[in-house]
Amino acid sequence: MLTIETIDDILPIIKDRDEFRISVKEDYTVIDYKYILPDTFNDPFRLECRGIKFHSGGQIMARPLHKFFNIGEAQTLDQLPWDKTHIVYDKLDGSMIHPATVRGRMRLMTRGGITNVSEDAEKHLTSSHIKLCTECHLSDMTPIFEYIGPDNHIIIKYDTPSLTLIAVRDNVSGKYISPKGLSDLAIQYNVPRVMPSKFIGTRTELVKHTKELTGKEGYVIVWEDGLRVKIKGDDYVTKHKAKNQISKEKNILSLVLQEKLDDIIPVLCKDDAVKAEGYQESVKKGLFTTYEMVNNIIDESGECSRKEFALGPVADLPPCIKPLAWTAYDGGDIEDRAKNILLTACNKSLKKFEKYRPIFAATYGEMNEYQEDART
């Protein structure tokens, strides 16, 4: 692995790389990637920029999982070292969580630092987790957990919340403890650990088996030297893509306006489907109310001149609705105009998007900024 002692070991390598985010918090700094370009991870140090944390003085604070890939992204199936010792683990569908000490207090963090997700995870810390985390902290190591449960529902539903140990890394060298060492540590401190898969077969059979999986995300294959790759079922990938499409209000509003949401809903889980359908209904009601208001203004205005219309009924309307009134005044289709305005707004910044909310008068609770990013 790569030695990283201070933030200065990373900063020169991501200089002028806009796909990386450097977030300076009150007591620590987080380096993470925002999006991926073809050469983003050409340098191995950049693979570490996936939620790595540094103290305010620059020293390494915590080192969560490095960026690793699906089979076929960085290496083909046949390029992987199958002849070397490896373990196939069930892939848990949750959020990556790790501890770090802030102001003398142990806190849990996601890739983004202390977030709503990590604060929820803290509610499930046991005395055994705390002992393990404390011991790792004293050894300058980062234990890494997967936070799953009904209150952190991504795609796969889990009835019981759990902070499951999936890895432990040395903060400076980045070295992972071995799979056996991970198992021994979990047993010693009595914390849940990721379990090896019961699948038995060749690598080709593993790929075929995973593609056909339902009710599970897939698998992570881990080698002794820390190399790891993941493989996901087709059913999970389809559902995850659908969930991504409704994770941001601008995305789901665009689907509603283009009447495409009904194609997405069947592959969503029940809770997400209900939420999406509710939003669609609210948007349609909001649009109908706006259309009705504009049409009433036209009916009440009679044969007034453009100047009279501008100084009278239109003057007090929200700026985003005024174009609709003028479209109606000129005999145009206000429904088409409203949809075109809103579809354009969906491609604008969030601040500019908000200016158009009076047209549809609905709100949508988006996924926490790092809820999706936190995942492994």
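Two strands are said to pair if DSSP finds at least two bridges between them. With that in mind, in this predicted model, strand 9 (residues 141–148) and strand 10 pair in the antiparallel sense over eight bridges, and within this pairing Thr142 has Arg169 of strand 10 as its bridge partner.

These two strands belong to an open sheet of four strands, whose order is 8-7-9-10 and whose pairing is antiparallel. Its edges are formed by strand 8 (105–109) and strand 10 (162–170), each of which pairs on one side only. On average, and with direction ignored, neighbouring strands of this sheet are turned by 30° against each other. Helix 3 (residues 127–138) lies across strand 7 (95–102), strand 8, strand 9 and strand 10, and runs at about 150° to strand 9.

Helix 9 (residues 270–301) packs with helix 11 (residues 322–329) at an angle of about 50°, their axes lying 10 Å apart. The crossing of helix 9 and helix 11 is right-handed. On the side of helix 9 the contact is made by Thr290, Val294 and Ile298, while helix 11 contributes Leu324, Ala325, Ala328 and Tyr329. Of the residues in this contact of helix 9 with helix 11, six are nonpolar and one is polar, and none is charged.

Conventions. Residues numbered from 1 in each chain as written. Predicted model: local features only at pLDDT ≥ 70, side-chain atom pairs only at ≥ 80, totals over all residues. Heavy atoms only, no water. Axes fitted to C-alpha atoms, helices over the stretch in contact; angles between N-to-C directions. Left-handed = near helix turned anticlockwise from the far one by under 90°. Contact = heavy atoms within 4.5 Å. Nonpolar A, V, L, I, M, F, W, Y, C, P; charged D, E, K, R; others polar.
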